[in-house]
Amino acid sequence: MSLDIVFIGLSLSSSWGNGHATTYRALLRGLAEEGHRTLFLERDVPWYAENRDLPEPDFCRLALYHAVADLTGPWAKRIRAADAVIIGSYVPEGRAVIDAVAALHPRHLAFYDIDTPVTMSLLDEGREEFLAARQVPIFDLYFSFSGGEVLDHLERVRGARAARALYCSVDPERYRPVPGAPEWDLGYLGTFSPDRQPTLEALLIEPARRMPDRRFVVAGPSYPAEIDWPANVERIEHLPPSDHAAFYSRQRFTLNVTRAAMRRMGWSPSVRLFEAAACATPVISDDWRGLGELLPDGEAICIAHGTEEVVEILGTMGEETRRAIGLGAQRRVLAQHTGRARARELATALRDLRAAAA
């Protein structure tokens, strides 16, 4: 049975400076492939308006709104008629959006937290711009980007009615190996974040200093001008999703760096991790609980705890082993972490919810 779902999320139209857009794109494309109807409502803000790389998706309806009042005005009828409304994390004026949509009494209301560990840290600090602590029990389902112990925390401590893991995913039609010789020994794709920067320093910048004959690359916006980039580190300010697969395929290894809150909580794979794996590019990653269960160390990923381990991997790993690790990750991701696989998980949870309410 097909579902009619309304999403209210940070962004679908622009991947500039955020990882939400590619996560939503894979999921909504998967829902379309499964026969479901989706509408994505996105706040029209200037920084995304100037950098839209998917203004007209072919797998869902995308509409822009200008203020919270639009949701209770022009879009109220559509929200009430949907089988489910899913509000995402980091939506502008998220707390007000949640209250406004809940007041419309949609059939089912869910939250998709693509930033769960960060959200929990903000709530601990009393910062409630995007989600208030009192709102967690409002949702029929709380979908979490993170799995593991945080699901119990959401239900037992935060009062969530039902917390379910809904990891990010990848679109295998857009993330696949691109033929060509590698140009960089190690690369990284990600927006600057202060809590990620020390790990980037240890696992890429310092190895670049120690290996001046090797080539490195960092792609992503907002890096401060005062960062002392070694001469052998190439900088790319913004890389649209259409270029991601070629970017990963041009690296011998790619680096995955996890935000501090997500590393502490564990079970928080990033969309970049799945994208690189789908391209069969071997990943070097910092360590966190649950990573080895998703991608076994030495078989489908290389876990590094410091500069020396990265230098050793880059300097001594044979080509046959390198390729085998990349293919091992690709097999696991294509079997379990595609947008279509994730869409089935979402649809099953919503159907179970509807059946329980009948």
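Where is Glu 93 found?

The model is predicted, and residues are numbered from 1 along each chain as its sequence is written. Local features need pLDDT of at least 70, side-chain atom pairs count only at pLDDT 80 or more, totals for chains, interfaces and linings use all residues, and side-chain values use heavy atoms, with hydrogens and water left out.

**View 1. Glu 93 sits in a loop and has a positive phi.** The loop runs between β4 (84-88) and α5 (94-102). Helices (H or I, at least four residues) and strands (E, at least two) are DSSP runs, numbered from the N terminus. Phi of Glu 93 is near 55°, and this residue is not a glycine. Glu 93 is partly exposed, at 40% relative accessible area. Buried means under 20%, exposed over 50%, and partly exposed in between (1.4 Å probe, protein chains only).

**View 2. Ser 222 also has a positive phi without being a glycine.** Its phi is about 75°. Ser 222 lies in the loop between β9 (216-219) and β10 (233-236). Ser 222 is partly exposed, because its relative accessible area is 43%.

**View 3. Leu 28 is a buried residue of helix α1.** The helix spans residues 20-33. The relative accessible area of Leu 28 is 0%. Leu 28 touches Phe 7, Thr 38, Phe 40, Phe 59 and Cys 60, leaving aside residues up to four places away in sequence. Contact means heavy atoms within 4.5 Å. Ile 8 is 20 residues from Leu 28 along the chain, and their C-alpha atoms are separated by 12 Å.

**View 4. Helix α6 is largely enclosed by the rest of the structure.** Why? Seven of the nine residues of α6 (residues 116-124) are buried. They are Thr 116, Pro 117, Val 118, Thr 119, Met 120, Leu 122 and Leu 123. Their cover includes β5 (109-113), β6 (141-144), α7 (149-156) and α10 (260-265). Gly 126 follows α6, with a positive phi near 80°.

**View 5. Asp 287, Asp 297, Glu 309 and Glu 312 form a negative surface patch.** Patch residues have over 30% relative accessible area and no salt bridge, with like charges joined within 9 Å and nonpolar side chains (Val, Leu, Ile, Met, Phe, Trp, Tyr) within 5 Å. A salt bridge is a side-chain nitrogen of Lys or Arg within 4 Å of a carboxyl oxygen of Asp or Glu. Asp 297 sits in the loop between α12 (291-294) and β13 (302-303). Asp 297 is partly exposed, with a relative accessible area of 48%.

Methods
Accessible areas come from the Shrake-Rupley method with a 1.4 Å probe; for residues, only the protein chains shown count as cover. Lys and Arg count as positive and Asp and Glu as negative; His and the chain ends are not counted. The place of a charge is taken as NZ of Lys, CZ of Arg, CG of Asp or CD of Glu.
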